[in-house]
Amino acid sequence: MATPFQVNISISAGADFQQEFVVTNPDFTPIDITGFTFLAKLAKHPTAIDAAVSTSGVPVYDFVSFDTSVVDGKAGKYAITMGAAKTSLLEEGKYLYNVVLVNNNGEKSPAVNGLVFVDVAFGALG
């Protein structure tokens, strides 16, 4: 499968967010991702644990999920999105995100990851 790459993104808290990506072969031709699914999450750091509900034996990780969709399967294009209601809950600052591709056989592989810079949208200021 394609090699994962790093892309840093920005999200304005209180605004809709969408970012599209293309899955390609090493020669940059698109991979047909028809029927594939994607998992995408945002967290303050890779091992962010929700201290309010975790126990020493059962850690619960603290993350926010993106919605994902295949935009054009034959062209290898997919998107991660987060609506304004969800982005408004994000505090300003730096986060990490990662996207995992799940192929038609259920096999998972990393697709993209990077930093997320969250700022307060001007419209959210009132």
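Colleague: Is Tyr 97 buried or exposed?
Modeller: This is a predicted model, where local features need pLDDT of at least 70, side-chain atom pairs count only at pLDDT 80 or more, and totals for chains, interfaces and linings use all residues. Residues are numbered from 1 along each chain as its sequence is written, and side-chain values use heavy atoms, leaving out hydrogens and water. Buried means under 20% relative accessible area, exposed over 50% and partly exposed in between, with a 1.4 Å probe and protein chains only. Tyr 97 comes in at 3%, so call Tyr 97 buried.

Colleague: How many aromatic pairs does a search of the whole structure find?
Modeller: Rings of Phe, Tyr and Trp (its six-membered ring) pair if their centres lie within 6.5 Å; planes under 30 degrees apart are stacked, over 60 edge-to-face, and the rest tilted. Going through the whole structure that way, the tally of aromatic pairs is five.

Colleague: What kind of pair do Phe 17 and Phe 66 make?
Modeller: Their ring centres sit 6.0 Å apart. The planes are at 50 degrees, so the pair is tilted.

Colleague: How many residues apart in sequence are the parts that Phe 17 and Phe 66 tie together?
Modeller: Strands are DSSP runs (E, at least two residues), numbered from the N terminus. Phe 17 is in strand β3 (residues 17–22), while Phe 66 is in the loop between β5 (64–65) and β6 (67–72), so the separation is 49 residues.

Colleague: Which residue forms an edge-to-face pair with Phe 66?
Modeller: Phe 66 itself is buried, at 5% relative accessible area. The planes in this pair are 70 degrees apart and the centres 6.3 Å, and the partner is Tyr 97.

Conventions
Helices (H or I, at least four residues) and strands (E, at least two) are DSSP runs, numbered from the N terminus.
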